[in-house]
Every structure is written in structure tokens, then in C-alpha cells.
Amino acid sequence: ALSLGIGNGDVFTTIMAFSPGVMQPADVAGKPRIFLSHGTSDGVMPIDDTSRKFVPRLKALGYDVVYKEYDGRHTLPPEIRREAYLWWLGR
């Protein structure tokens with residue numbers, strides 16, 4: 001979602017990436033707003049190798065990023081899912 005959204009930011013106005021593992025867009029277009037979340041105990045996509053590197057880079061490039069870390073593994077807790085949905089709705 002992250003790579004595809006950034007590469008097609010002229011098509012997608014928002015990106016929601018939950019515990020992303022890759023950020024390597026083939027190209028960059030537009031500036032979609034981004035909601036990114038990640039569990040601090042994620043053993044599938046370790047947070048230190050992914051989101052904690054992606055978020056500062058995205059912000060430095062001028063993206064509007066909302067970032068939420070939560071206690072947990074490679075899951076999507078209901079409260080994070082709800083927050084992402086409300087963010088997407090613009091609330």
C-alpha cells in the first residue's frame with residue numbers, strides 16, 4: 001500500500017499502511033496524506049527496520065503523516081482500525 005500509494009499519489013489522495021514492510025515506489029507522484037501504524041513487538045515486519053525509518057523519511061519529503069505505534073505484534077487492534085477509519089473520513 002505504501003509503495004503503490006506514493007508512486008500513484010496523483011491517483012490516490014490517502015494511504016493507510018498497517019505494519020508496512022516495504023517503501024520502494026518505482027516513481028513518485030503527488031502528495032497523498034498517509035496514516036501509518038505499527039506494533040512495537042512485530043516479529044514479521046520489525047518496527048525498527050520499517051516504520052521507524054519510513055516515517056521520518058516521509059515527513060522530511062513533505063508528506064502529511066499520522067503515525068501510531070501500539071503495544072502489539074503484526075496485528076491491527078480495533079482501536080487503531082477505528083482511528084484510521086475516522087482519519088480517512090476526515091474526522
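Asp48, at 47% relative accessibility, counts as partly exposed, a class that lies between buried (under 20% relative accessible area) and exposed (over 50%), as judged with a 1.4 Å probe and protein chains only. The structure is a predicted model, in which local features need pLDDT of at least 70 and side-chain atom pairs count only at pLDDT 80 or more, whereas totals for chains, interfaces and linings use all residues. Residues are numbered from 1 along each chain as its sequence is written, and side-chain values use heavy atoms, with hydrogens and water left out.

The predictor's confidence in each residue is expressed as pLDDT, from 0 to 100; its mean for the protein chain is 95, and 100% of the residues reach 70 or more. Among the helices (H or I, at least four residues) and strands (E, at least two), which are DSSP runs numbered from the N terminus, confidence is lowest in helix α1 (residues 2–7), at a mean of 93, and highest in strand β3 (residues 65–70), at 98.

Side chains of opposite charge can pair when their charged atoms come close. With a salt bridge taken as a side-chain nitrogen of Lys or Arg within 4 Å of a carboxyl oxygen of Asp or Glu, the count comes to three. Asp48 pairs in this way with Arg52, at an N to O distance of 2.6 Å, and Arg52 also forms a salt bridge with Glu69, where the closest N and O atoms are 2.9 Å apart. Because Arg52 lies in helix α2 (residues 51–60) and Glu69 in strand β3, this second pair ties together parts that are 17 residues apart in sequence.

Since Lys68 belongs to strand β3 and Glu83 to helix α3 (residues 78–89), the pair ties together parts that are 15 residues apart in sequence. Lys68 is partly exposed at 27% relative accessibility, as is Glu83 at 30%.

On the surface, Leu4, Val11 and Phe12 form a nonpolar patch with about 300 Å² of accessible area together, the areas coming from the Shrake-Rupley method with a 1.4 Å probe. Patches are made of residues with over 30% relative accessible area and no salt bridge, nonpolar side chains (Val, Leu, Ile, Met, Phe, Trp, Tyr) being joined within 5 Å and like charges within 9 Å. Leu4 is placed in helix α1 and is exposed, with a relative accessible area of 53%.
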